[in-house]
Amino acid sequence: MLKFNMRKTIVVSLFSTVSLLSYAQLSVRHDNFIFVNDEIVFVNNAITLGESDSKFYLREEAQLIQGEETSLNTGIGELSVYQTGNSSNYTYNYWCSPVGNNSMALGNEASRVNLIDEATNNITVQDPTGLISSVDVAFTSSFDGFSSPSLTISNRWLYTFSTSNDYADWNYVGSTLPILPGLGFTMKGVTGTNKQLYDFRGKANNGTISNLVTAEQFTLIGNPYPSAIDALLFIHDPQNTTLNNGPSPHPATTGALYFWEQRDEGSHNIADYVGGYASYTISDTGMESFVNAMFSAYDGSGNPVVLAPSPGGNMGTKISKRYIPIGQGFMVEGASGIPTGSSVYVKNAHRVYEKISDNNSVFFRSASVQKSASSTNSNEDVYNEYGLNIVPDDFKRFRLNITFNDEITRQLVHNFNDMATSGFDYGLEAKLPGKGPSDAFWVLGDEAYSIQASPFSTDLAIPITVSSNGQQPLKFSIFDVQNFDETQAIYLHDMVNNTYIDLTQQDYLLNIEAGNFSSRFQIVFTSNNALSQDMRLKEQFDIFIDNDNALFTLLNPNFVDIESFIIYDINGREVINYEITSLKDSYQYSSKNLSDGIYITKIKIRGNTSFSKKLIVSQK
């Protein structure tokens with residue numbers, strides 16, 4: 001056991017080049033302290049911080065990892081570790097405390113929000129580094145917290161969430177009620193800053209930590225340690241994947257992690273919230289899948305923005321990666337059919353030393369976070385220009401964006417690999433974390449999915465369900481196409497129009513009415529060449545001239561999404577152009593202003609397809 005009994009002890013100074021400190025046990029007594037800067041400390045057994053002024057400071061992304069799965073940490077001293085929240089006073093972060101109450105009791109204890117301090121960073125004689133002093137955080141019952149003159153957190157927004165799908169089942173904990181080790185909690189940010197540095201102080205969590213999960217219900221948990229954890233090791237831990245349930249092993253959860261992102265709309269009214277859950281999962285071979293949150297996008301003046309077929313601006317902008325940092329909370333869903341009393345486990349075996357500045361571990365911040373100048377790890381071969389992972393050579397992938405009314409976009413990911421099956425593939429697929437009023441999703445059985453996987457075949461047909469809460473423009477676009485042959489088309493097949501649009505070459509635009517469309521759209525990889533597209537289109541329409549009443553009549557019995565009706569004279573000059581903004585089964589337009597003669601009528605379909613017909617105008 002290593003003991004510190006000098007007046008003051010700095011184990012790792014600001015200028016230390018030591019990359020690893022390793023101890024069997026660690027004890028700090030009286031008013032001694034350990035200061036660790038930008039390094040990793042490994043302690044195999046227990047840590048004792050004996051007295052109230054015995055301290056253990058982790059700074060500049062220093063982290064602590066412990067070995068034994070049984071926690072025997074003890075003492076009324078404090079471990080102190082920083083984390084930065086990235087929200088305004090109107091938006092939530094999901095947290096999970098890396099520390100619990102500090103007492104002489106052995107093992108982990110419940111945390112409380114009031115274990116958070118404000119990092120003062122004041123330079124004093126007693127604190128020459130400015131990195132060990134702190135003051136207690138204040139709390140207010142008003143709606144807004146603030147950062148100046150001192151950090152004050154609103155205790156109105158402090159909740160946990162356990163085994164439920166009902167919004168009403170958020171559990172208020174305030175600043176003083178206990179939060180079980182490993183259970184997450186919500187907290188809104190503060191005014192005066194977009195990023196607030198929080199100082200978590202207490203007894204370091206250690207060892208195996210479990211929380212209850214219920215079939216098809218969500219629980220807010222997180223990383224409970226003062227170190228990063230590996231999502232692969234957590235999701236694929238045998239105790240989380242082989243829950244005994246009947247004749248065969250059964251995973252405890254669906255294997256997906258859901259991260260909340262919310263846009264600052266300047267309101268605490270739930271009806272005004274604009275936010276959603278991003279989805280993340282990872283295979284047992286390390287192949288990551290991530291989908292942005294879906295929600296409305298607005299410009300600085302509050303006006304809806306036109307959305308581009310790429311991540312950023314049209315949906316959530318934050319991203320999650322494999323290594324989950326200190327303090328990060330996330331939702332998990334209990335797998336279907338698990339018995340009552342099932343648990344999900346986080347363990348010391350999942351802990352890793354990964355720094356946010358290396359861009360491998362992300363506190364669900366912007367995908368544009370840059371690596372620090374001091375970073376020695378390279379992600380150039382792991383993540384692409386979107387900040388999304390590059391799949392291995394034996395995988396294919398594309399991302400499909402479905403945009404409603406130029407305001408909100410649902411992103412869907414499809415993975416292809418020979419090991420995938422027609423059923424659910426743990427670590428390769430993720431269920432949709434909740435449906436919006438207008439939404440789109442893959443379907444497996446009766447469940448909606450945002451991430452899906454299957455073996456690749458050119459005769460594969462992948463259904464897409466679209467639900468629309470009103471008549472509105474709809475756009476399908478594709479990006480992040482990986483490991484497909486350059487000549488391989490990826491078609492959006494609209495089965496109502498019987499049209500095939502190669503999304504690798506163009507977007508598909510249409511107007512859609514209100515309703516649920518479960519059998520209209522699918523992704524395919526070969527088009528139907530039995531009839532030419534022109535012949536298929538001609539079967540959908542008819543145009544005729546009623547010279548007695550001077551009317552053109554356009555029949556559209558299948559409600560094909562028509563963009564415009566154009567009339568040309570025999571010399572090819574455009575004489576009439578009618579923009580069509582609503583779906584109808586027929587349209588009529590006057591021909592009174594046309595001279596007698598031959599005209600070419602043209603129907604332009606959204607998606608740059610058209611149909612033409614020659615008609616004779618004869619005024620009576």
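**Strand notes**

I looked up Thr-553 and found that it stands opposite Gln-588 in S49. Five bridges join strand S46 (residues 551–555) to S49, and the two run antiparallel. I am reading a predicted model, where local features need pLDDT of at least 70, side-chain atom pairs count only at pLDDT 80 or more, and totals for chains, interfaces and linings use all residues. Residues are numbered from 1 along each chain as its sequence is written, and side-chain values use heavy atoms, with hydrogens and water left out.

I noted the terms: strands are DSSP runs (E, at least two residues), numbered from the N terminus, and two strands pair if DSSP finds at least two bridges between them.

Next I traced the open sheet of three strands, in the order S45-S46-S49, with antiparallel pairing. Its edge strands are S45 (542–546) and S49 (586–590), each pairing on one side only.

**Strand S39**

Three bridges join strand S37 (residues 439–444) to S39, running antiparallel. There, Asp-439 stands opposite Ser-467. Seven bridges join S39 to strand S44 (residues 515–524), also antiparallel. Ala-461 stands opposite Val-524 in S44.

**Ile-616**

I found Ile-616 in strand S51 (residues 609–617). Ile-616 is exposed (over 50%), because its relative accessible area is 54%.

Conventions. Helix = DSSP H or I, 4+ residues; strand = E, 2+ residues; numbered from the N terminus. Buried < 20%, exposed > 50% of the residue type's maximum accessible area, 1.4 Å probe, protein only.
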